[in-house]
There are 2 protein chains.
Amino acid sequence: MKIVTDPDKMKTYAKIIKKENKLIGFIPTMGYFHEGHTSLIKTARKQSDIVIVSVFVNPIQFGVNEDFDSYPRDTARDEELARACGVDAFFCPKKEDMYPEDYSTYVDVEGLTSGLCGKSRPGHFRGVTTVVAKLFNIVRPDIAYFGQKDAQQAFVIKRMVEDLNMGITLKILPTVREKGGLAMSSRNIYLKGSERKDAAILYSSLKLAEELISSGERDAKKIIKKMRELISTVPAVSKIEYISIVDTGFLKDVAIIGGEVLIALAARVGRTRLIDNVILNVKSEKPENDHDRP
Amino acid sequence: MKIVTDPDKMKTYAKIIKKENKLIGFIPTMGYFHEGHTSLIKTARKQSDIVIVSVFVNPIQFGVNEDFDSYPRDTARDEELARACGVDAFFCPKKEDMYPEDYSTYVDVEGLTSGLCGKSRPGHFRGVTTVVAKLFNIVRPDIAYFGQKDAQQAFVIKRMVEDLNMGITLKILPTVREKGGLAMSSRNIYLKGSERKDAAILYSSLKLAEELISSGERDAKKIIKKMRELISTVPAVSKIEYISIVDTGFLKDVAIIGGEVLIALAARVGRTRLIDNVILNVKSEKPENDHDRP
């Protein structure tokens with residue numbers, strides 16, 4: 001496995017690969033790998049000639065009061081795991097090479113970034129789209145892999161790729177979960193003691209929403225209320241930042257559920273901010289009306 | 001010469017060219033060709049295997065009160081000229097294909113876009129960098145050609161290309177001028193009667209600045225004052241929007257001229273907004289001080 005830190009060298013490597021007409025599969029990450037990451041890498045390994053993984057904790061996607069400094073890092077372990085998964089090139093650029101002193105260019109996706117996590121993390125998605133645009137230009141992938149756990153991120157990057165004519169195929173793979181249902185996340189390492197078990201309530205609330213919808217409920221407000229009630233039974237959840245049911249086109253709140261919807265939430269378990277979501281394809285059902293029946 | 005309107009087809013064409021390891025030279029334009037454009041095309045013809053020219057009057061770089069609707073267009077003539085210059089592919093996308101209804105992604109270069117034309121045309125450079133990013137992704141050029149006449153644009157695009165790791169070589173070619181010195185521009189067609197002759201005063205003022213600097217003047221304010229005085233002798237110049245002397249690193253005003261400077265101006269001749277500039281490399285000269293002499 002090739003280990004590259006210099007963006008120019010990575011670019012040259014990718015250019016050579018492209019000249020050989022090989023398919024590049026790319027997994028951009030912030031490192032501290034869990035099974036979510038390795039599942040992306042393993043899928044890329046099956047689908048591409050050359051697999052490139054990047055590990056870069058991107059400073060510009062963290063707000064001033066967020067956890068950039070404490071974000072977990074273990075590049076040596078990430079390298080080992082990448083090698084074990086058959087990665088061809090491991091790209092771990094330095095902050096100062098990605099953002100030199102006079103750095104001034106940003107990529108913005110409007111609309112899709114205004115709600116959900118974008119609301120509580122202003123500038124976050126601007127940081128994400130900017131670094132992903134840079135990484136895509138450096139690595140020149142044919143296919144790029146992202147996890148469903150960061151659902152809004154996936155929608156935003158998909159829009160950027162289409163709008164800017166990047167011509168990259170995006171594959172969004174299912175969230176990998178721990179046994180209790182907790183979505184795997186590098187930030188789970190922050191959870192202390194019983195918090196990890198308590199955090200499973202977030203996924204349980206999503207399952208509850210799914211059940212309610214299966215049994216005919218279509219009123220988003222009612223579903224969200226029941227999800228909140230369930231989550232509030234676990235005192236370790238110190239704050240629900242949002243629970244939203246949105247359409248998957250514009251990520252706008254829906255009142256009556258129908259078609260494809262994203263049910264997404266963010267909450268703090270202790271001091272740790274966690275997110276989770278499910279996407280459901282819901283048959284629009286007309287409310288029953290006895291008067292119309294024969 | 002291949003004529004392409006569909007961005008996806010253009011992308012496919014460029015992809016095939018790249019697989020043949022041929023060098024693509026690209027000239028993005030808003031059409032209505034003059035000798036400035038053909039000089040870029042002819043240079044690209046000498047330096048590249050495949051020359052691609054785009055003609056697209058980019059709506060998002062025009063302000064609401066600007067001349068998007070009246071901007072001169074003559075695609076048939078542009079096509080003819082392109083063919084005569086040996087262009088391989090002529091790309092003229094439609095507005096609705098470049099910006100579909102749910103279009104939401106924008107590329108911003110901060111800092112460099114705040115002064116000069118950026119000050120009087122808010123959003124202009126955002127429109128430019130966005131469309132150029134799109135065109136670069138569609139055409140995948142190795143070299144892209146721009147005219148020195150739009151000096152700030154060239155600096156801004158250079159920064160975007162570096163910041164976003166686009167890996168494209170930019171060539172900025174000298175401004176082509178009419179006999180009297182007026183910089184060639186598609187907008188010169190707006191000039192009525194004697195305005196074309198009158199507009200030459202703008203370049204004369206730049207030449208005056210050059211002469212003043214040659215004869216030892218280093219005070220930017222004094223030079224700008226003399227330029228203004230000269231321009232004000234021509235009543236057809238209805239408004240001087242700005243005359244600025246800036247460094248070529250950050251495009252910030254300099255007080256005492258030294259090193260490489262851009263002297264740039266925008267003015268209205270009648271109702272037509274025109275821009276022009278020169279770049280000078282000025283030896284820093286210490287002001288003479290008789291007391292220190294032996």
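Of the interface residues of chain B, 100% are also interface residues in chain A, so the copies meet through the same surface. Contact here requires that the C-beta atoms of two residues, placed from the backbone, lie within 7 Å. The model is predicted, so local features need pLDDT of at least 70 and side-chain atom pairs count only at pLDDT 80 or more, while totals for chains, interfaces and linings use all residues. Residues are numbered from 1 along each chain as its sequence is written, and chains are lettered from A and ligands numbered from 1 in the order in which they are written.

**First stop: the two chains together**

Display both chains. A rotation of 180° with 0.0 Å of shift along its axis places chain B on chain A, with an RMSD of 0.0 Å. This is the relation of a two-fold axis. The superposition is by least squares on the C-alpha atoms of residues with pLDDT of at least 70 in both copies.

**Second stop: the interface**

Select the residues at which the chains touch: chain B contributes 25 residues and chain A contributes 25 residues. On the side of chain B, the elements that give two or more residues are α1 (7-19), β5 (105-109), α6 (124-139) and α7 (151-163). The largest contribution to this side comes from β5(B), with five residues. Helices (H or I, at least four residues) and strands (E, at least two) are DSSP runs, numbered from the N terminus.

Colour this side of chain B by residue type to find eleven nonpolar, seven polar and seven charged residues. Ala, Val, Leu, Ile, Met, Phe, Trp, Tyr, Cys and Pro count as nonpolar, Asp, Glu, Lys and Arg as charged, and the others, Gly among them, as polar.

Now select β5 in both chains. Strand β5 (residues 105-109) of chain A is joined to β5(B) by five bridges, and the two run antiparallel. Strands pair if DSSP finds at least two bridges between them. Within this pairing, T105(A) stands opposite V109(B).

Chain A holds ten helices and ten strands, and its C-alpha trace spans about 70 × 45 × 40 Å along its principal axes. Of its 294 residues, 43% are buried; a residue is buried if 20 or more other C-beta atoms lie within 10 Å of its own, exposed if 12 or fewer, and partly exposed in between, with C-beta atoms placed from the backbone.

Select β8, β9 and β10 of chain A, which form an open sheet in the order β8-β9-β10 with antiparallel pairing. The edge strands β8 (237-247) and β10 (272-282) each have a single partner strand, so one side of each is left without a neighbour in the sheet. From one strand to the next, the twist averages 15°.

Strand β9 (residues 259-269) of chain A pairs with β10(A) over eleven bridges. Select L265(A) to find its bridge partner in β10(A), D276(A).

Axes are lines fitted to C-alpha atoms, for helices over the stretch in contact, and angles run from 0 to 180 degrees between N-to-C directions.

**Last stop: R121(A)**

Finally, select R121(A), in the loop between α5 (116-120) and α6 (124-139) of chain A. R121(A) is buried, with 20 other C-beta atoms within 10 Å. Its C-alpha atom is separated by 28 Å from that of P141(A), 20 residues away along the chain.
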